[in-house]
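Reader: I would like to learn how to read sheets and helix packing in a model of this kind. Could we go through it one feature at a time?

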Amino acid sequence: AKLLGNNVVTKASSLLRHRGISIRHIVFAFALSIALLVLYFNYFRRTGYSFPVDVMHYAPVTPEVWTDRSFQVRDAFLHAYHGYERFAFPNDELRPLSNTSINNFNGWAVTAVDSLDTMHMMGLEQEYKRAMTAVHDTNFTLPTNTRVPFFETVIRQLGGLLSAYALTNDDILRIRADQLGTILAPAFRTTSGFPKYGVNTIRGTSDGPLVGSLAEIASYQMEYAYLGKITGKKEHVDRATTATRNFVDADLRQHGGMYPMYWNISSGQAKDTHLSVGAASDSAHEYILKQYLMTARKDKANLEMYLRFTSHVLNNLMYISPNRHLLYVTDSKLYRTGNRPTHNFEHLSCFFPGLLALGAHTLPLNNLEEVGLNFTALADDLLPKQKLGYEVLASFDLKDLHLWAAEGLAQTCYLTYADQPTGLGPDIINMLSGGSRPEILWMDAMQDWRTSGRIGPPPGVGDKHPWVGDRTPRNAREREMAYAMRDYYVKNADYQLRPETVESLYILYRVTGDVKWRHRGWDIFQAIQKEAKTPSGYANIDKVDTYEPQQLDVMPSFFLAETLKYLYLLFQEDDLVPLDKWVFNTEAHPFPVFEWTEEEKEAYGVL
């Protein structure tokens with residue numbers, strides 16, 4: 001057999017030499033083939049994508065119809081709030097199936113206080129007047145409240161008091177806000193000044209682990225800064241500025257300038273490498289821009305941090321799905337081999353397109369020199385790869401880039417609703433990217449789109465119809481095929497009456513004036529009415545991806561404070577809360593834009 005093999009090789013070599021082909025020619029051809037394959041898989045295949053779009057048409061709707069739709073939202077609010085009043089007040093929240101109450105936020109009538117500004121905007125004078133009894137009567141030091149959750153109490157209760165004061169100038173609201181802010185202050189008694197998880201309002205002590213999530217340790221700057229402004233108390237302002245100083249001093253080089261998810265409360269330094277705009281992180285990122293805007297755009301440190309945060313997300317955490325080309329933002333963890341994305345897309349992350357649109361609307365992104373910033377210089381202390389990413393971003397029109405990202409992400413948020421049989425969005429989906437499927441970074445696709453002559457809308461931004469595939473697959477194979485065509489599977493099928501998607505639709509409508517955002521909001525409101533309404537209120541929904549959804553016995557206060565408020569403002573013809581004069585906290589409580597006086601700057605040590 002060995003002799004036979006040698007004879008075959010000898011004859012083959014003789015035949016090749018006869019035709020003028022040497023071993024060197026074969027080696028060269030093989031090497032060229034390998035080079036072409038490498039070039040294809042690392043360049044042409046990566047950048048050779050096309051991103052077709054659908055043509056969308058919306059029937060004209062008169063201003064009177066939109067106003068009527070806002071009144072339908074107001075009626076929904078009244079239905080929910082009257083159920084709460086009847087079965088739950090002055091406890092925290094209504095259980096809308098059993099018609100009972102639950103105290104999961106201190107028993108301080110959180111639904112009533114969280115909803116004060118919504119009632120005021122909607123002109124609901126009688127409901128507002130009745131809710132104010134909770135403001136007058138609540139005892140913030142009830143013995144049963146031995147552990148007050150700092151984060152939730154600040155954004156819901158303190159935020160509700162402060163925004164109602166800003167809208168009405170009723171001094172009892174300022175007084176009660178001052179009392180609550182002071183009672184919560186023991187949370188800040190840490191080495192770094194970052195707050196602990198909870199406060200004992202009787203003993204005046206704090207408790208909780210020494211590692212805190214980003215959202216919980218850095219979502220209070222707006223509330224305490226505005227509280228300091230209206231009370232003239234330096235201690236409140238100090239609590240707000242401490243967070244900014246801690247983040248300025250933090251070593252974020254390996255994180256690309258973006259805040260990771262967990263922090264050491266003692267040292268004030270990052271504890272892990274998990275980067276996300278979703279759960280446990282979201283509102284802290286939100287407050288960087290909003291603190292800057294609320295204080296009349298004078299806080300350069302927060303502006304720099306916002307630009308570094310958004311730049312890292314645009315370059316590293318935003319992807320295009322392989323089939324429908326849905327733009328989405330995910331989270332990642334840093335390993336020795338580099339960042340590894342999960343390709344999870346959370347409903348909580350759907351605040352981010354609204355934040356990008358707000359930044360594009362309010363910041364001089366194409367002329368940062370006018371506020372004393374050099375965009376690419378923001379990467380001077382980062383790794384070389386991160387610096388290169390800034391150069392790529394700077395080669396685009398930065399305002400357009402942020403707004404395109406906002407529009408593409410908001411569309412995907414909406415489609416996660418419209419794709420489902422219920423018309424309601426699941427809490428978490430997982431995009432089918434990576435592995436055997438293409439993993440397409442949005443900025444790679446953007447560079448290819450530009451190189452190809454900017455044909456059509458930017459990748460992931462063009463309008464898309466909802467998925468119309470088989471929503472009731474009969475076996476595992478059909479289910480996998482459906483997932484592949486839709487580009488994702490549902491990881492958590494709950495709809496928790498969350499506001500993030502409609503928040504972004506509202507901001508995008510006010511920023512762009514494009515009515516498609518209104519129409520998409522109307523689709524969502526109709527689905528809420530159909531699936532979530534109960535005889536006494538509205539309920540969270542499980543199994544939104546089926547034709548047999550189940551109502552859950554939960555109606556969170558943020559449904560009235562945020563979801564219905566944003567829908568009402570989206571459909572109102574008048575711009576009741578102009579984005580250049582008011583800034584919403586993470587619970588949709590609007591605070592007025594203000595400027596520190598020279599005396600306050602000197603007294604409080606603010607920039």
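Reader: In what sense do strand E9 and E10 pair, and over how many bridges?

Author: Keep in mind that this is a predicted model. When reading a pair of strands, one looks for the sense of the pairing and then for the bridges. Here strand E9, residues 318-320, pairs with E10 in the antiparallel sense, over three bridges, and within that pairing Ile-320 has Leu-327 of E10 as its bridge partner.

Reader: What is the strand order of the open sheet of three strands, and which strands stand at the edges?

Author: The order is E10-E9-E15, with antiparallel pairing. Strand E10 (327-329) and strand E15 (440-441) stand at the edges, because each has a single partner strand, and one side of each is therefore left without a neighbour in the sheet. Helix H16, residues 398-418, packs on the sheet and touches E9 and E10, its direction making about 95° with that of E10.

Reader: How do the axes of helix H13 and helix H15 cross?

Author: For two helices, one reads the approach of the axes together with the crossing angle. The axes of H13 (residues 300-316) and H15 (residues 384-394) come within 10 Å and cross at roughly 90°, which means that H13 is roughly perpendicular to H15. Among the residues making the contact are Leu-307, Arg-308 and His-312 of H13, and Tyr-390 and Leu-393 of H15; by class, the contact has four nonpolar, six polar and one charged residues.

Reader: Which residues of helix H17 are buried?

Author: In H17, residues 442-451, the buried residues include Trp-442, Met-446 and Trp-449, as well as Asp-448. The helix is followed by Gly-453, whose phi is positive, near 100°.

Technical notes
Residues are numbered from 1 along each chain as its sequence is written. This is a predicted model: local features need pLDDT of at least 70, side-chain atom pairs count only at pLDDT 80 or more; totals for chains, interfaces and linings use all residues. Side-chain values use heavy atoms; hydrogens and water are left out. Two strands pair if DSSP finds at least two bridges between them. Helices (H or I, at least four residues) and strands (E, at least two) are DSSP runs, numbered from the N terminus. Contact means heavy atoms within 4.5 Å. Axes are lines fitted to C-alpha atoms, for helices over the stretch in contact, and angles run from 0 to 180 degrees between N-to-C directions. Buried means under 20% relative accessible area, exposed over 50%, partly exposed in between (1.4 Å probe, protein chains only). Angles under 35 degrees count as roughly parallel, over 145 as roughly antiparallel, 65 to 115 as roughly perpendicular and the rest as oblique. Ala, Val, Leu, Ile, Met, Phe, Trp, Tyr, Cys and Pro count as nonpolar, Asp, Glu, Lys and Arg as charged, and the others, Gly among them, as polar.
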